[in-house]
Amino acid sequence: MVLLVGLLGACSQSSDTGVKTSVNYDADYAPEDGGTLIDATRGEPSGLIPMIAGESAASEVAQHIFSSLLRFDKNLEFEGQLAESWQVSPDQKIITFKLKPNLKWADGKPLTSADVLFTWKLVTDDKTRTPYGSDYKLVIKAETPDARTFRVSYAEPYAPAINSWAGLDILPKHLLEGKDINTTAFARNPVGSHYYKLEKWRPGEQITLTRNPLSSQGQAHIERLTSRFIPDEAAQFLELMANNIDAMTLSPVQYARIFPARPELQKKFALYKELGNSYTYLGFNLKRKPFDDIRVRQAINYAINKQEIIDGVLLGLGEPVASPYKPGTRWANPNLKPYAYDPAKARALLQEAGYQDRGDGILARNGKPLSFTLLTSQNKQREMSAVLIQRRLKEVGIEIHIRVLEWATFIGRFIKTSDFDMVVLGWSLALDPDQYSIWHSSQQAPGQFNFIGYNNPRVDRLLERGRMELNADKRTVIYHELAEILLEESPIVYLSAGYGLQAIHKRVKGIPDPAPPAGLGNNTHEWYIPQPLRRTEITP
Amino acid sequence: MRRALANPLALSGFIIIVGIFLLAVLAPYLAPYDPNAIDVKAILLSPSSTHLMGTDALGRDVFSRMLFGAQISLLVGLVAVGIATSIGIILGAIAGYYRGWVDVVIMRMVDVMLSIPTFFLILAVIAFLSSSVVNIMVVIGLTSWMGVTRLVRAEFLSLRNREFVMASEALGASDKRLIFMHLLPNSMTPIIVSSVLGVASAVLIESGLSFLGLGVQAPQASWGNILTDGKEYIQFAWWLSLFPGLAILITVLGYNLFGEGLRDVYDPRTSAKK
């Protein structure tokens with residue numbers, strides 16, 4: 001996740017002329033405090049309480065304002081954030097957190113275990129409209145023996161428990177007690193305990209954060225972070241070139257074609273590439289014929305050329321995927337390979353399943369042709385993938401009609417109701433390998449994540465064991481087996497995992513390259529902007 | 001017709017229309033490549049002798065896609081206007097000939113339809129149906145008949161009281177004979193003019209729908225969806241925006257010039273003003 005922040009729109013326009021252009025952005029500078037980092041985001045947050053907003057636009061800003069008990073360090077190991085230490089009982093059912101001493105909210109009030117307990121009660125309260133309550137509802141008892149100690153008990157060992165406490169932003173009891181969390185004005189005027197606090201939110205325009213002198217984590221180098229709301233990718237790029245923003249997410253074409261062709265851009269911007277924890281797939285509706293037939297699914301898997309999608313759609317900026325985990329992590333089974341592109345084998349499988357050419361190049365069985373509608377959202381990369389899939393399937397006798405839908409309609413009308421033949425979609429994954437909600441047969445109600453209707457008792461058992469198992473090596477074995485079954489059964493066809501592509505102005509120093517496993521945004525408090533490289537700014 | 005082509009406006013419009021028509025009809029012979037042939041090794045190439053208008057983000061030849069896109073534009077334009085004109089003539093004739101409550105009902109229907117912004121009405125309808133070329137033609141046709149209806153009704157009302165019509169009626173001509181032998185033939189000129197102009201707006205609506213992703217669906221090419229594909233690469237792959245944009249501009253201009261030219265020649269009211 002990236003960060004950002006902003007600037008004073010009009011004042012910055014002249015910054016890149018004259019003397020400034022002769023600045024050598026590649027020189028080394030010692031870390032120093034101050035400066036403003038401006039970044040662009042496609043959506044404006046609906047509010048800044050992450051558990052209520054539930055959207056990336058909100059969490060990208062709120063991550064600088066609120067702290068959790070734990071966080072991931074750059075190598076994705078847990079470390080304390082508000083917690084100084086934590087202990088898991090020998091039976092794995094009780095976790096005790098010890099808070100750091102003298103924690104304060106940005107308004108100067110003390111931050112204690114009562115705030116943590118209050119936040120837990122909020123997130124598990126049925127009146128709180130949050131999608132994240134289920135992890136915390138497994139806690140059967142939460143208590144605060146003293147102001148610095150918070151203890152939770154589970155009925156059974158729960159493997160994702162520690163992970164869940166790294167994801168819960170602690171909220172201030174003294175400001176929220178007795179208020180309706182769903183509608184409180186606090187969402188637009190938050191008080192947290194992290195490196196930054198809200199300075200100004202100009203609706204429809206930008207959010208500016210400034211350093212929090214009472215931060216629980218020490219002090220960040222950069223004085224201000226501004227996020228400008230610019231929905232259009234092309235418009236963001238224009239602003240980047242005009243030096244009005246310092247950072248943005250690039251498309252493969254911007255990264256691989258435009259940047260290499262523009263030396264003046266390369267002088268000013270550094271490019272970063274990191275594999276995200278997500279992948280794109282082709283999903284089948286397993287409750288509809290003929291997708292209940294494993295031979296049809298495997299045939300489609302063989303008929304699709306995944307490398308062509310990586311080369312054509314991602315311009316090579318992606319990795320093949322053979323398990324539902326980020327390639328290269330311990331959870332991804334290294335022995336699995338994607339189905340090779342093999343149209344002959346696809347045709348043989350379809351023939352075995354009883355499909356014959358009915359004369360027009362489309363295969364059919366009992367008069368029913370292999371003709372389907374493929375749905376996807378208005379996302380250029382997914383649309384292009386769909387066109388490539390359409391062509392390859394036609395070659396083996398399967399006819400595809402593509403329908404591109406606006407996101408809210410796609411999800412609300414078709415995905416949540418499982419009303420589709422095939423979809424091109426993506427999963428963005430948590431760091432914990434538990435994928436109970438995606439593959440378990442109990443998760444098929446409208447709105448739940450197993451909308452493809454996957455139902456395999458063996459997989460169900462693996463998922464149930466996986467979330468109860470706390471030994472990482474044993475969990476690895478479980479999830480490797482899960483991936484093996486999924487690849488064999490092919491309930492979805494993995495297409496690719498694309499790289500996250502970032503451009504960040506070279507005036508920003510202290511960014512690790514290559515990105516650590518936890519991602520570029522893991523150490524933003526260590527980033528700095530040396531005085532000679534800053535924009536000319538008029539401060540109010 | 002000869003008179004019309006003596007008008008320089010109408011003539012230039014006519015030449016443009018015929019030219020585009022020929023390109024569309026001959027597309028299968030003129031296109032150097034299969035318009036849907038993907039080549040991931042030739043992505044976003046700029047115009048050259050091998051790819052006259054460059055290639056798109058999937059390595060497809062833009063020139064070939066433009067030619068086949070012309071077929072879609074013309075087909076949608078002609079069929080949609082055919083539907084709209086047929087409906088307009090029927091309803092307008094009924095309203096103008098029979099008058100009375102039939103007229104009132106039909107004209108209020110027209111008012112209701114006109115009070116809804118057409119493009120948004122089309123957007124709403126397309127959102128419920130799936131977007132195929134057939135649906136687009138039908139929906140545009142079903143939402144743009146109001147102008148023709150009013151025109152035909154007005155012509156009928158004025159012709160109804162002309163001596164030759166009354167004479168024919170006095171001689172015992174049937175309703176059918178009056179409508180089809182006398183009133184309709186004498187109303188054709190304004191209908192033709194408005195149809196030609198209607199094609200221009202149908203072409204624009206189809207391009208607009210495709211641009212918004214609600215029109216012609218992939219992989220079929222249409223000028224609107226080539227344009228929308230090009231939007232993301234506009235600073236870099238100008239050819240993806242320029243050529244379809246120009247094609248839409250020239251086509252719409254052609255129909256408008258031809259339509260306006262026809263009107264200047266045949267419509268005594270506008271000619272008189274000059």
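In this predicted model, nine residues of domain 2 of chain A are in contact with nine residues of domain 3 of chain A, where two residues count as in contact if their C-beta atoms, placed from the backbone, lie within 7 Å. By class, the side of domain 2 of chain A that touches domain 3 of chain A has six nonpolar, two polar and one charged residues; here Ala, Val, Leu, Ile, Met, Phe, Trp, Tyr, Cys and Pro count as nonpolar, Asp, Glu, Lys and Arg as charged, and the others, Gly among them, as polar. The centres of these two domains, domain 2 and domain 3 of chain A, taken over C-alpha atoms, are separated by 36 Å. The division of chain A gives domain 1 (31–48 + 57–64 + 183–275 + 499–533), domain 2 (70–176) and domain 3 (278–498), with bounds that come from an automatic or database domain assignment.

Because this is a predicted model, local features need pLDDT of at least 70 and side-chain atom pairs count only at pLDDT 80 or more, whereas totals for chains, interfaces and linings use all residues. Residues are numbered from 1 along each chain as its sequence is written, while chains are lettered from A and ligands numbered from 1 in the order in which they are written.

The contact between the chains takes 22 residues from chain A and 18 residues from chain B. On the side of chain A that touches chain B, two or more residues come from each of α7 (233–241), α8 (252–261), α11 (306–312), α13 (380–395) and β19 (399–405) of chain A, and α13(A) provides the largest share, eight residues. That side of chain A comprises ten nonpolar, four polar and eight charged residues.

Chain B itself has 13 helices and zero strands, the elements being DSSP runs numbered from the N terminus, with helices (H or I) of at least four residues and strands (E) of at least two. Its C-alpha atoms fill a box of roughly 75 × 45 × 30 Å along the principal axes. Of the 274 residues of chain B, 42% count as buried, which requires 20 or more other C-beta atoms within 10 Å of a residue's own, placed from the backbone, whereas 12 or fewer make a residue exposed and values in between partly exposed. Among contacts in chain B between residues at least 6 apart in sequence, 69% join residues at least 24 apart.

Returning to chain A, where does A:H64 lie? A:H64 is found in the loop between α2 (56–62) and β2 (70–72) of chain A, and A:H64 counts as buried because 25 other C-beta atoms lie within 10 Å. Leaving aside residues up to four places away in sequence, A:H64 touches A:H194, A:Y195, A:Y196, A:L209 and A:L225. The C-alpha atoms of A:H64 and A:N212, 148 residues apart along the chain, are separated by 9.8 Å.

Some backbone features remain. Most residues other than glycine have a negative phi, and most peptide bonds are trans. The peptide bond from A:K289 to A:P290, however, is cis, with omega near 0°, and A:P290 is found in the loop between β13 (278–284) and α10 (294–303) of chain A. A:S418, in the loop between α14 (407–415) and β20 (422–428) of chain A, has a positive phi near 50°, and A:S418 is partly exposed because it has 18 C-beta neighbours inside 10 Å. A:S490, in the loop between α17 (472–489) and β21 (492–505) of chain A, likewise has a positive phi, near 55°, but A:S490 is buried because it has 21 C-beta neighbours inside 10 Å.
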